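Hello,

Here is the structure I promised to pass on to you. Please open it alongside this message, and then read on for what turned up in it.

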Amino acid sequence: MSDETGQESTNAAEPPIQVIVIPVTPFQQNCSLVFDRRTLQGAVVDPGGDVERIRQAIDGHGVTVEKIVLTHGHIDHVGGAADLAAELGVPVIGPHQADRPLIARVQEQAASFGLSGARPVDPDQWLEEGDTVEFAGRVFEVLHCPGHAPGHVVFFDRELRFAFSGDVLFAGSIGRTDLPGGDHATLIRSIREKLLPLGDDVTFLPGHGPASTLGHERQTNPFLQ
Ligand SMILES: [Zn+2]
Ligand SMILES: [Zn+2]
């Protein structure tokens, strides 16, 4: 749906939102700056770190950030959220409160990976299945998809057929389940019962690596056969 996700748009008209991917942390996490092309208002999804580089992208595109949204509580997704929220004066939305213990231990997570500079974040709003979150001029549906992390959520724009899927599903792979709170059977159930029913035509941008479609993964992902 946009150049940055590696997908060609099939519409003659430009998609209403633009997604800029900013790989952050040694984990090359896909922090996303998403904004309304017309108003330049938007959000930052999963600012895991490298806050200065995220700020440069925001300034470079002239975006007014309304909020920070989080898919789950792992260090590479939340490590820069507190600093960025303080610098921009915006609220932090998500993830599901089942990730509260993970987020509370963000400095332990950082230490275990040899990282520094992460600060715990105190989300302004926890999310639940069925909630909606508005950013970039769009309404995103919230899907609670545990398995990789207990409080993992996915943000889905039903009309644009696009999702920010975090670390639930990747192009050719799935999220790891060996971290605290992870569970393989739960993750597979989240993918099969929450993500795949959204439709084969849905493009998703995961937390790591390239974008894909649910249809391509349903047919080819070795973890889903
Ligand atoms: Zn993760
Ligand atoms: Zn990750």
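The site of the zinc ion (ligand 1) is irregular, with angles of 88 to 171° among its 4 donor atoms. Please keep in mind that this is a predicted model. The donor atoms at this site come from His72 (NE2), His74 (ND1), His148 (NE2) and Asp167 (OD), at 2.1 to 2.4 Å from the zinc ion (ligand 1). If you follow the chain, you will find these donors with the spacing H-x1-H-x73-H-x18-D. His72 and His74 are both buried.

You will find His74 in the loop between strand 4 (64-69) and helix 2, and its relative accessible area is 5%. Its side chain makes a polar contact of 3.0 Å with the side chain of His148, which is also a donor to the zinc ion (ligand 1). Leaving aside neighbours within four places in sequence, the residues in contact with His74 are Leu102, Gln109, His148, Ala149 and Leu179.

Now for the other metal. The zinc ion (ligand 2) has Asp76 (OD), His77 (NE2), Asp167 (OD) and His208 (NE2) as its protein donors, at 2.1 to 2.3 Å. Asp167 coordinates both the zinc ion (ligand 1) and the zinc ion (ligand 2), and the two ions are 3.5 Å apart. Along the sequence, the donors of the zinc ion (ligand 2) are spaced D-H-x89-D-x40-H. This site is irregular too, its 4 donor atoms giving angles of 87 to 158°. Asp76 sits in helix 2 (residues 75-78), while Asp167 sits in the loop between strand 9 (162-166) and strand 10 (169-170), so the pair ties together parts that are 91 residues apart in sequence. Both Asp76 and Asp167 are buried.

One place to look is Asp157, whose bridge partner in strand 9 is Phe162.

Enjoy looking around, and do write back with any questions.

Best wishes

Terms used: Residues numbered from 1 in each chain as written. Chains lettered and ligands numbered in written order. Predicted model: local features only at pLDDT ≥ 70, side-chain atom pairs only at ≥ 80, totals over all residues. Heavy atoms only, no water. Donors = N, O, S within 2.8 Å, 3.2 Å for Na, K, Ca; no water. Tetrahedral: all angles 85-135°; square planar, octahedral: opposite > 155°, others 65-115°. Buried < 20%, exposed > 50% of the residue type's maximum accessible area, 1.4 Å probe, protein only. Helix = DSSP H or I, 4+ residues; strand = E, 2+ residues; numbered from the N terminus. Pairing = 2+ DSSP bridges. Polar contact = N/O pair within 3.5 Å; in protein donor to acceptor, adjacent residues only side chain to side chain. Contact = heavy atoms within 4.5 Å.
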